[in-house]
Amino acid sequence: MSQCVGEVLDQYRKELIDCINATDKNEFQKVIDILLDAYKNNRQVIIMGNGGSAGTANHFVCDFGKNAVQGNHRRFRILSVCDNVEKITALGNDIAFDEIFRQQLINLMQEEDAIICISASGNSPDLVKALEYANEKHGHIISMAGFKGGKIKEMSEATLVAEMESYERIEDMHLMWLHMIVCWMKANQDVLNSLE
């Protein structure tokens, strides 16, 4: 039986509002602490995801790199390993598609860099392999997942899980959490300035 427009909108709205309200403040604080530590020690923040999550990752690089630190202060060193289709397809074609992020980390990652991994399922093989490598390099891993968190949850220091089953709503929630991170940084410039 089909649902009317109002029912679909009401259900969508309710699920997202419930998930926002259920955001784990302790896990969110861990995310902030990892990023502040990266800033204090001038470490990189490297972000990754597949499909829509790759778009979310690239969006965050723009917002976080541009807006998290205001004025003429040192900014975060953030990059996405999702933004170069030539590199991704070369690695996938010449090595393996489950190596597209791990191979880039071999080139780019330094000890104890911060990694942000975004995955609705939490089980994407390319992300799991990348996080295995990141753990070998003592990386500080933040993950954002859906459903119950998947494998990446167990590999991370801090995890925000949108416990829903709609990929669309999960992806919405991930972007909102990332925007919340930017907004926290914008509201706490004194904290960032003290870490320069």
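**View 1. Pairing of strands E3 and E4.** Ile115 has Ile141 in E4 as its bridge partner. E3 and E4 run parallel and share 6 bridges, where strands are said to pair if DSSP finds at least two bridges between them. Strands (E, at least two residues) and helices (H or I, at least four) are DSSP runs numbered from the N terminus. The model is predicted, and local features need pLDDT of at least 70, side-chain atom pairs count only at pLDDT 80 or more, and totals for chains, interfaces and linings use all residues. Residues are numbered from 1 along each chain as its sequence is written, and side-chain values use heavy atoms, with hydrogens and water left out.

**View 2. Strand E4 and its two faces.** In a regular strand the side chains alternate between the two faces of the sheet. On one side of E4, His140, Ile142, Met144 and Gly146 are buried, as are Ile141, Ser143 and Ala145 on the other. Buried denotes under 20% relative accessible area, exposed over 50%, and partly exposed in between (1.4 Å probe, protein chains only).

**View 3. Surroundings of Ala162.** Ala162 lies in strand E5 and stands opposite Gly146. E5 is joined to E4 (residues 140-146) by 5 bridges. Ala162 counts as buried because its relative accessibility is 0%. Leaving aside residues up to four places away in sequence, Ala162 touches Cys19, Ala145, Gly146, Phe147, Ile170, Met173 and Trp177; contact means heavy atoms within 4.5 Å.

**View 4. Lining of the largest pocket.** The lining of the largest pocket comprises 13 residues, with Cys19, Ala22, Thr23, Val161 and Glu163 nearest its centre. On a 1 Å grid over the protein atoms alone, a pocket is an open set of points where a 1.4 Å probe fits, with protein on both sides within 12 Å along at least five of seven lines, and lining residues have an atom within 4 Å of a point. Helix H1 (5-21) and strand E5 (158-162) each supply at least two lining residues.
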